[in-house]
Amino acid sequence: MSQVFGFSGGDDFCTGGSVYANPKDASIFLSLGRSVDFYYPLPKRSRVSVSFDFDGDWFEQKQKTSIEALPDECLFEILRRLPAGQDRSACANVSKRWLMLLSSISNGEICSNTNEKELSDKEGDDLEFGDEGYLSRSLEGKKATDVRLAAIAVGTSHRGGLGKLSIRGSNSDRGVTNLGLKAVACGCPSLKAFSLWNVSTVSDEGLIEIAEGCQKLEKLNLCKCSGISDKALIEVAKKCPNLTELSIESCPQIGNEGLQAVGKFCANLRSVSIKDCTNVGDQGIAGLLTSASFALRKVKLESLAISDLSLAVIGHYGFSVTDLVLNCLPNVNEKGFWVMGNGRALQKLTSLKVGSCRGITDAAIEAIGKGCPNVRSFHLSKCAFVSDNGLVSLTKAAPSIESLQLEECHRFTQFGFYGILFTCGAKLKVLNLVSCYGMKDLNLALPAGSPCSLTSLSICDCPGFGNANLAVLGRLCPQLKHVELTGLAGITDAGLLPLLESSEAGLVKVNLSGCLNLTDKVVMSLANSHGWTLEVLNLDGCRNITDASLKAIAVNCPLLSDLDVSKCAITDAGVASLARGKQLNLEILSLSCCSLVSEKSLPALRKLGNSLSGLNIQHCSAISSRAVGMLVEHLWRCDILS
């Protein structure tokens, strides 16, 4: 064989015998018969794209040399010398291996390039800018994987990295792990807000990587992260001194030590929310509040096994607290709330929400009112031991209250209701009652008093509230602008008309959904008296409302933008009346469950569609799916529910 490839053109090539010791070798290259003893090249050269080893009886194919043969260490050194921008992004698209290697290169390990800034200025940016002025990205469900996080880190690193990252849920097969968070830590050192929800595959190691690589972190939100413990939270507290907001929910391994570290090292902490963390106790809350007492503005404690001690600490060290939420604290008694109110530290408190706490009583709520004289918004829900006396005492002790909301407080009656209006009527602007079954519709002889300044009234699902109460409100509340009376089957036209007619300021938003006994007379009066101010009207479930109401609305309500007449006795004629309204500019219209509206209304709906952004025609049985399709095609700018 060596003779063939070593031939230099001598005359001794054809010797009359075979040049191959093994005829099988000759058949590989030459199409020669046995009797042929001379060389004749093939008419067309074979194309061979690989190298061969001809040593031995059979040649062997050699493995082609490739950059993929390089170990990770060598490839890492090559990739970190790439200029930022399109080159790095292009290399990240080569393979998953290259992407993960690029994502593991921190900014400090990238070799500087003088042209990087010029290149980055020329490139477009296809990511979403958040309202805060920096890049934000959210991954949910199946989209939440390590590969996507690595791609985000590489693709945004040359622009300073992400400022806001939210991960909700995780891919069951290829979910987010510590490796993905490490990529974010390397590529996004300017990360300021990080949320991790329902990701059990991430442990302390991943969050520690974030703490070490993203030391500008300001907001941290952890929810249902069973693998994260105090160890990681302590590192966050030490490495991220700029932390201002912390929210922890359903993280069973986070307890007192982590919260104490946050209070010790995060001097700028402004807001903290802790919910359903079984290992959090009084020591953690006390350590957090005593250390950050002059910076902490918002505190939310919910579903925790804390006792009266924690509330005592809040009352004595909450000097800067303005918003306080205490919900579902079964171990806190009346003494805890009483001590909190008498601690006299909550002088700056403006908003207080208390719910599902058996320790809140009349004596406790009075103490809170005295200890928080500047509170403006008070929300009380599911507190069975608070009565009229306690709420009236609260309004007397805290005359600055402007918004009061009571939910499922069944010992609260109409006597407390009017007592509050007479006590703080000069400043009270908003009053909401939800499912307070103690309210009764009684004709009371009330003393004459000055009208209150109430501008928003909401009575929802209080079955005892009726016409007599509405008549009194009409005399006491002439400044109403927002009225919500929902689920009140007992009120009729006779009770509501005085309230509507007494409003001097002009009603802007009216919600009468579920008031089954109201008729067109109310709507026509509303349109005539307040048509030039009315913007939102909800008549869902008012089964006695007919086309006459729509005709009055079309003529008298030029500012109306949101109209809901679901489950009303509306027909095609009523929809046509709306379409003929020259000054009407509806944006949202709901005709759900209006069985008398048919395909004859399509022309009118098309005309209304010039201004509509939302149309609800669900369960309109007289409108076929074909007609809905035609409507969707015509009103392509409108979001149609069918």
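**Group meeting: a walk through the predicted model**

Let me start at one residue. Leaving out residues up to four places away in sequence, Ser195 touches Leu165, Ser166, Ile167 and Asn221. Contact here means heavy atoms within 4.5 Å. Ser195 sits in strand β5, residues 193–197. Ser195 has a relative accessible area of 19%, so it is buried. The cut-offs: buried is under 20% relative accessible area, exposed is over 50%, and partly exposed is in between, with a 1.4 Å probe and protein chains only.

Now the ground rules. This is a predicted model, in which local features need pLDDT of at least 70 and side-chain atom pairs count only at pLDDT 80 or more, while totals for chains, interfaces and linings use all residues. Residues are numbered from 1 along each chain as its sequence is written, and side-chain values use heavy atoms, with hydrogens and water left out.

The overall picture next. The chain has 642 residues, and 49% of them count as buried. Its secondary structure comes to 24 helices and 22 strands. Those are DSSP runs numbered from the N terminus: helices are H or I with at least four residues, strands are E with at least two. Take the contacts with a separation of 6 or more: 80% of them are between residues 24 or more positions apart. The accessible surface is about 31000 Å², and carbon and sulfur atoms hold 50% of it. Areas come from the Shrake-Rupley method with a 1.4 Å probe; for residues, only the protein chains shown count as cover.

On to the core. In soluble globular proteins, nonpolar side chains tend to be buried together. Which residues touch the most other members of the largest nonpolar core? They are Phe194, Phe337, Leu380 and Phe417, out of 169 residues. A nonpolar core is a set of buried Ala, Val, Leu, Ile, Met, Phe, Trp, Tyr and Cys residues joined through side-chain atoms within 4.5 Å. Look at Leu380. Beyond residues up to four places away in sequence, its contacts include Val354, Ile360, Ile365, Val386 and Leu391. Gln405, Leu406, Glu407 and Cys409 are also among them.

Helix α19 is another covered element. It spans residues 493–502, and seven of its 10 residues are buried. Leu496, Leu497, Leu499 and Leu500 are among those buried. The cover includes α18 (467–476), β16 (482–486) and α20 (520–530).

Aromatics now. The structure holds three aromatic pairs. Rings of Phe, Tyr and Trp (its six-membered ring) pair if their centres lie within 6.5 Å; planes under 30 degrees apart are stacked, over 60 edge-to-face, and the rest tilted. Phe294 and Phe319 are stacked, at 5.4 Å centre to centre with 10° between the planes. That pair links distant parts of the chain, 25 residues apart: Phe294 in the loop between α12 and β9, Phe319 in the loop between α13 (308–317) and β10 (323–327). Phe294 is exposed at 66%, and Phe319 is partly exposed at 35%. Phe417 and Tyr418 have ring centres 5.2 Å apart and planes at 75°, so that pair is edge-to-face. Phe417 is buried at 1%, and Tyr418 is buried at 2%. Ring pairs link Phe417, Tyr418 and Phe465 into a cluster.

Back to Phe294. With Tyr317 and Phe319, Phe294 makes a nonpolar surface patch of about 340 Å². Patch residues have over 30% relative accessible area and no salt bridge; like charges are joined within 9 Å, nonpolar side chains (Val, Leu, Ile, Met, Phe, Trp, Tyr) within 5 Å.

Charges next. The structure holds seven salt bridges. Each is a side-chain nitrogen of Lys or Arg within 4 Å of a carboxyl oxygen of Asp or Glu. Glu212 and Lys239 meet at 3.7 Å, N to O. They are 27 residues apart, in helices α9 (residues 204–213) and α10 (residues 230–239). Lys275 bridges to Glu302 at 3.8 Å. Glu302 is buried at 11%. Glu302 also bridges to Lys300, at 3.7 Å. Shared partners join Glu249, Lys275, Lys300 and Glu302 into one network.

Last, the backbone. Most residues other than glycine have a negative phi. Lys382 has a positive phi of about 55°, in the loop between β12 (377–381) and α16 (388–397). Glu408 also has a positive phi, near 55°. Glu408 lies in the loop between β13 (403–407) and α17 (414–424). Both are partly exposed: Lys382 at 46%, Glu408 at 29%.
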